[in-house]
Amino acid sequence: MNLLEISSKRKRLRTDMQKREIYKLENNKIMRQRRSCPRCGTGVFLAEHEDRVTCGRCGYMEIKKKSKQ
Ligand SMILES: [Zn+2]
């Protein structure tokens, strides 16, 4: 294996991981993990933060409700 093959393999692995972050396989069905933006519609996903979700396209922000115990 030469250096080019190694680097291309790494790139492919990283892409697979990014997909897995968004989609989760559950009961042989692909479940959407991330919510899409209510303003931009489906296809534009909201970025998950610790206390909020934001849309990088239109700037939509939604505060996550924390359930205090
Ligand atoms: Zn949006």
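## Order of elements

Read from the N terminus, the protein chain runs α-β-β-β-β-β-β-β. That makes 1 helix and 7 strands. The model is predicted.

## Confidence

How confident is the predictor in this chain, on average? The mean pLDDT of the protein chain is 75. A score of at least 70 is reached by 54% of the residues.

Strands of a sheet pair through backbone hydrogen bonds, and they may do so parallel or antiparallel. Here, an open sheet holds 3 strands in the order 5-6-7. The pairing is antiparallel. Strand 5 (47–48) and strand 7 are the edge strands. Each of these two pairs on one side only.

Take strand 5 and strand 6 in detail. Strand 6 covers residues 52–54. The two strands run antiparallel and are joined by 2 bridges. Which residue of strand 6 is the bridge partner of Glu48? The partner is Val53.

## Burial and contacts

The protein chain has 69 residues, and 3% of them count as buried.

Now consider contacts between residues at least 6 apart in sequence. Of these, 0% join residues at least 24 apart.

Conventions:
Residues numbered from 1 in each chain as written. Predicted model: local features only at pLDDT ≥ 70, side-chain atom pairs only at ≥ 80, totals over all residues. Helix = DSSP H or I, 4+ residues; strand = E, 2+ residues; numbered from the N terminus. Buried ≥ 20, exposed ≤ 12 C-beta atoms within 10 Å, placed from the backbone. Contact = placed C-beta atoms within 7 Å. pLDDT = per-residue confidence, 0-100. Pairing = 2+ DSSP bridges.
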